[in-house]
Amino acid sequence: MSVDVLDRLSEIDQADAVRCARTLLRRPLVRTGGQESELLPLIYRHRAVLSELFAGILGYRLVVERRFARLYKSGPGHDATRGEATLTPRGYAYLALTLASLTGVGQQTLLSRLVTAIRSAAADADIEVSDDLGELRAIASALRYLVSLGVLTETEGTVTGEDEALLTIDTTLLGQLVAGPLGVATTPSELIALAARPGPRGVEHALRRRLVENPVTHYADLADDEAAWLRKRARAESRLLERCFGLVAEVRHEGIAVTDPEDYLTDVSFPGQSTVARVALLALPDLLSSGEQRDGWVAVPVERVTTVCDELVDAYPAAWSKLMVASIPKLVDDVLQLLLSLGLARQAEDGAWLLSPAAHRWAPEPDGAPKQDEEPVPEPEPGWSLFDHEGETR
């Protein structure tokens, strides 16, 4: 197994390689002048080990040069919870159009010329564009994102300023951005499908990617062959994730939850300090105990979620941000979207929300010991569910 590559290193080098691997999982593009660029020399030093590690364990390709490192992770597929928060769907469209336009402008261009090229590319793709404020903001968001990646440098002026700006293009980084096979795909949907396809080891790579990139993996969501493979190798895969990436896996009856003890690879912290996170945490016990069971998941109508959230807001009026609880429907939507991003909820075809059995592990407990005349609560049977103790999801 490719993890054996770590055995060839000293303990210090093993720790450094794991640190680099974790950094690349969080930041698939590490570049000079960017975030955590101080690790580039270390990544370059261990580039052979890291390349073998990612290729063997996850089926990911790693490109390392002295001034950047690019990890080609699998595409998002149909996971609606991933993406760049600063980009709307229209912003993503302009990002794609900008990348297409930049391939033919050389190493420097004026902002006005780039915008003209973007509009021309949109026309070639039969995409309607306008000059309204929403369109301008979408273009600006796409350009700002490329500036943050280092693909564009604002040599004079800014991409969001009212005056003309001179932009410098890093053509090397530009060529490293797109992960999907542009030369093979003939349609956008095919490009997404090809970018999200499993690695060369099929089920093995697909499931490891799922464990690393998602906080909870339910056996019920897997194909029969995938579920059988993961059940058989659950303990071994847990040790593998901890050895290579510092992740801790909790193996239970319904599936596997993966956490990062250091929270470095945590996408969304839960429990959290925000009003939405605290309301979601406190609402879970009532929601989990009041719904019908559907294949281990708890079905809860939106009306029930609304009632529970409304009761919490009324019971503790001073505990919440007034802005966040000003609209209960908006609060309910935020709570459900948070649980969705954590893998703890999904929407059924009939409109009800299904809560994962893993949600039991975050059920809050009151401080203090029970009174002496109360019967102690029995311990849950080991190996039955994902709710034994508190923690944070990745």
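A: A residue is called buried when its relative accessible area is under 20%, exposed when that area is over 50%, and partly exposed in between. Note that this is a predicted model.

Q: Fine. Is Glu-135 buried or exposed on that scale?
A: Glu-135 is at 9% relative accessibility, so it counts as buried.

Q: Which residue does Glu-135 form a salt bridge with?
A: Arg-90, with the closest N and O atoms 2.8 Å apart.

Q: How accessible are the two partners, Arg-8 and Glu-52?
A: Arg-8 is exposed, at a relative accessible area of 57%. Glu-52 is partly exposed, at 35%.

Q: What about Asp-131, which residue does it pair with?
A: Asp-131 forms a salt bridge with Arg-119, and their closest N and O atoms are 2.9 Å apart. The two are 12 residues apart, with Asp-131 in the loop between α5 (111–124) and α6, and Arg-119 in helix α5. Asp-131 counts as exposed because its relative accessibility is 61%. Arg-119, with a relative accessible area of 22%, is partly exposed.

Q: Which residues are linked in a network of salt bridges?
A: Arg-201, Glu-204, Arg-208, Arg-233 and Glu-237 are linked that way.

Q: Why would such side chains pair at all?
A: Side chains of opposite charge can pair when their charged atoms come close.

Q: Where does Asp-286 lie?
A: Asp-286 belongs to helix α11 (residues 275–290). Its relative accessibility is 35%, so Asp-286 counts as partly exposed.

Q: Switching to the backbone. Where is there a cis peptide bond?
A: Between Phe-270 and Pro-271, with omega at about 0 degrees. Pro-271 is placed in the loop between β9 (255–259) and α11.

Q: Which residue other than glycine has a positive phi near 65 degrees?
A: Asp-263 has that value. Asp-263 is also in the loop between β9 and α11. With 33% relative accessibility, Asp-263 is classed as partly exposed.

Q: And what is the phi of Glu-36?
A: Glu-36 is not a glycine, yet its phi is positive, about 60 degrees. Glu-36 is found in the loop between β1 (29–31) and α2 (40–45).

Q: Why flag these backbone values?
A: Because most residues other than glycine have a negative phi, and most peptide bonds are trans.

Q: Next, Pro-41. Where is it found?
A: Pro-41 is in helix α2. Pro-41 counts as exposed because its relative accessibility is 57%. The C-alpha atoms of Pro-41 and Arg-66 are separated by 7.2 Å, while the two residues are 25 residues apart along the chain.

Q: Give me the overall picture. How many helices and strands are there?
A: The protein chain has 13 helices and 13 strands.

Q: How much of the chain is buried?
A: Of the 394 residues in the protein chain, 44% are buried. The chain exposes about 20,900 Å², and carbon and sulfur atoms supply 52% of that area.

Q: And what share of the contacts with a separation of 6 or more comes from residues 24 or more positions apart?
A: Such residues account for 65% of those contacts in the protein chain.

Note on methods. Residues are numbered from 1 along each chain as its sequence is written. This is a predicted model: local features need pLDDT of at least 70, side-chain atom pairs count only at pLDDT 80 or more; totals for chains, interfaces and linings use all residues. Side-chain values use heavy atoms; hydrogens and water are left out. Helices (H or I, at least four residues) and strands (E, at least two) are DSSP runs, numbered from the N terminus. Buried means under 20% relative accessible area, exposed over 50%, partly exposed in between (1.4 Å probe, protein chains only). Contact means heavy atoms within 4.5 Å. Accessible areas come from the Shrake-Rupley method with a 1.4 Å probe; for residues, only the protein chains shown count as cover. A salt bridge is a side-chain nitrogen of Lys or Arg within 4 Å of a carboxyl oxygen of Asp or Glu.
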